[in-house]
Amino acid sequence: MNVLIILGHPRTDSLCGALAEAYRDGALEAGVEVRALAVADCEFDPDVRAESPADQRMEPDLREAQERIRWADHLVFVYPNWWGTMPARLKGFFDRVFTPGFAFFEYDEGEGVGHEGLLSGRTAELIVTMDMPPWVYRWIYRQPGNNAVKRATLGYAGVRTTRITNLGPVESSTPEERERWLEKATRLGRGLATGPESRSTRVRQTATAWLKALRLQFYPMSWVAYTIGALAAAGSSVFSAPAYWLGFAFLFFLEAATVLSNEYVDYPSDRENGFAGPFTGGSQVLVDGELGFADLRRGIGVALLLAVALGVAAVAVGPGSPVAAAAVMAVLGLLALGYTIPPLELSYRTLGELDVAVTHSVGVLICGFVLLGGAATDPLPWLLSIPFLLSVLPSITLAGVPDRAADRAVGKETIAVRFGIDGAATVAMATAILASLTAIVWVASGVAGGAYGPLVLLSVPHAFGLVWLLQNRLRGRSEPARIDGLMVASLGFLVWFGVVPLLNLV
């Protein structure tokens with residue numbers, strides 16, 4: 001492993017300088033290759049005076065710094081926290097060294113929105129001294145300097161920060177405390193013998209990456225629809241039925257396989273997506289290098305095997321028709337995986353939004369109903385699922401808006417790509433109003449066993465509020481953007497068509 005220690009303090013005879021030396025001693029004990037660079041010793045203009053940093057003449061010391069960064073596998077930045085962030089000279093170093101073409105590449109207009117970090121594959125850690133207790137800096141000030149370096153600078157260039165060590169308060173520290181900090185820096189360097197991260201850190205990061213990849217925020221919608229179907233078939237006793245829990249486990253792992261396969265197939269689109277959010281654009285675990293393609297293939301395989309095994313067990317113990325339950329599960333699995341996987345590739349044929357809406361409403365609701373003893377020919381589950389289906393469509397359609405440029409670049413024909421952002425907004429508004437109107441009819445006529453009680457009428461002002469938001473924020477827009485607030489408003493709309501019948505049926 002090649003390790004570059006960058007001292008960011010403007011004075012080399014400082015505590016930070018001593019910490020950098022201590023880390024270096026430990027790293028040499030670990031048997032890694034070590035080089036050092038002191039920003040204070042570099043001769044350069046810290047100000048960007050040209051229109052772009054890449055257009056400014058680069059001093060020899062900065063060219064040498066770039067070569068050392070290219071050489072390194074692991075970067076260690078040691079610097080003080082001044083006014084909540086780094087010293088001016090270190091900031092100038094980043095401005096002049098992390099230039100376009102060296103640290104990152106931005107896509108030109110017409111190639112999709114986004115950038116590519118050119119220093120990917122490298123790791124980094126920060127050792128930061130400060131004149132306040134580290135807990136104050138982290139929990140009260142929210143560590144702005146650490147976040148800036150980790151995310152906006154190193155992260156933008158593709159460097160993954162593995163560890164941040166905050167030390168302080170320095171001004172009131174005793175010689176004994178400073179000696180302990182130096183010993184800690186030596187231990188950190190010595191720890192490179194097993195890699196830039198501790199074993200516990202690697203386990204935690206891997207677990208976090210998998211949780212991120214699974215996108216658990218979408219699973220409650222399936223559980224609600226499934227439970228509505230099960231309650232409609234067998235009443236509240238379903239919660240003690242093994243078939244209910246086995247069926248839920250089947251749906252969980254089918255959802256996991258679907259989400260992971262989408263992540264795998266959508267990598268070209270996700271790579272160009274500059275507007276990914278918690279509900280759009282994939283989890284970015286492949287793009288960020290947190291998991292690899294082989295990891296996802298294994299994850300998809302394990303999820304599918306568990307889904308099949310649990311589905312078979314649910315059919316075996318369920319009170320419903322085994323043939324009907326197995327058929328519903330098979331169709332549900334085909335449609336779920338067919339969202340991106342060939343040969344269906346429904347998201348590439350302007351059928352992706354409908355597919356997601358159907359699988360997460362009608363599909364799982366019928367699954368719960370049939371598995372717990374209901375008949376697929378009974379009109380009750382179908383009537384229950386229609387308003388739910390319509391209420392899902394606004395959020396699914398809007399999810400394509402931030403992804404529009406990236407999806408178009410790879411040939412995905414989502415509603416936002418085919419009909420534009422105005423078209424997607426129109427579909428979202430129309431389906432929201434239609435969902436509320438359908439619920440009103442259901443309440444007035446007592447359809448679906450009264451599951452849609454009067455409380456669902458509150459969906460009407462929510463629908464018109466959503467229409468107002470879409471009119472003000474999306475109408476006339478031609479370029480994609482983050483729409484996290486709109487996504488929260490549209491996903492909240494589902495509550496009236498999921499939670500209300502769920503509570504009434506219980």
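## Surface and overall build

Accessible areas come from the Shrake-Rupley method with a 1.4 Å probe, and for residues only the protein chains shown count as cover. By that method the chain has an accessible surface of about 22200 Å². Carbon and sulfur atoms account for 60% of this surface. This is a predicted model: local features need pLDDT of at least 70, side-chain atom pairs count only at pLDDT 80 or more, and totals for chains, interfaces and linings use all residues. Residues are numbered from 1 along each chain as its sequence is written, and side-chain values use heavy atoms, with hydrogens and water left out.

The chain has 19 helices and seven strands. Both are DSSP runs numbered from the N terminus: helices are H or I with at least four residues, strands are E with at least two. Along the principal axes, the C-alpha atoms fill a box of roughly 80 × 50 × 45 Å. Of the 506 residues, 52% count as buried. Buried means under 20% relative accessible area, exposed means over 50%, and partly exposed lies in between (1.4 Å probe, protein chains only).

## Contacts and charges

A contact means heavy atoms within 4.5 Å. Take the contacts between residues at least 6 apart in sequence: 77% of them join residues at least 24 apart.

The chain carries 40 positive and 48 negative side chains. Lys and Arg count as positive, Asp and Glu as negative; His and the chain ends are not counted. Each charge is placed at NZ of Lys, CZ of Arg, CG of Asp or CD of Glu. The centres of the two sets lie 3 Å apart.

## The five-stranded sheet

Five strands form an open sheet in the order S2-S1-S3-S6-S7, with parallel pairing. Strand S2 (33–38) and strand S7 (160–167) each have a single partner strand, so one side of each has no neighbour in the sheet. Neighbouring strands are turned by 15 degrees against each other on average, direction ignored. For such angles, axes are lines fitted to C-alpha atoms, for helices over the stretch in contact, and angles run from 0 to 180 degrees between N-to-C directions. Two strands pair if DSSP finds at least two bridges between them. In general, strands of a sheet pair through backbone hydrogen bonds, either parallel or antiparallel.

## Strand S1

What joins S1 to the strands beside it? Five bridges link S1 (residues 2–7) to S3 (residues 74–80), and the two run parallel. Leu4 has Leu75 as its bridge partner in S3. Six bridges join S1 to S2, again in parallel. Here Leu7 stands opposite Ala38.

Six of the six residues of S1 are buried, so the strand is largely enclosed by the rest of the structure. In a regular strand, side chains alternate between the two faces of the sheet. In S1, Asn2, Leu4 and Ile6 point one way, while Val3, Ile5 and Leu7 point the other way.

## Two buried residues

Thr280 lies in the loop between helix H10 (267–272) and helix H11 (293–317). Its relative accessible area is 4%, so Thr280 is buried. Leaving aside neighbours within four places in sequence, Thr280 is in contact with Arg215, Phe275, Ala399, Pro402, Asp403 and Met487.

Val364 sits in helix H13 (residues 352–371). Val364 is also buried, at 4% relative accessibility. Not counting residues up to four places away in sequence, Val364 touches Ser222, Ala225, Tyr226, Leu251, Leu332 and Thr359. Val364 and Arg96 are 268 residues apart in sequence and 55 Å apart in space, C-alpha to C-alpha.

Most residues other than glycine have a negative phi, and most peptide bonds are trans. The peptide bond from Gly168 to Pro169 is cis, with omega near -5 degrees. Pro169 is in the loop between S7 and helix H6 (175–190). Another cis bond joins Pro342 and Pro343, where omega is about 5 degrees. Pro343 is in the loop between helix H12 (322–337) and H13.

Arg142 has a positive phi near 65 degrees. Gln143 has a positive phi too, of about 40 degrees.
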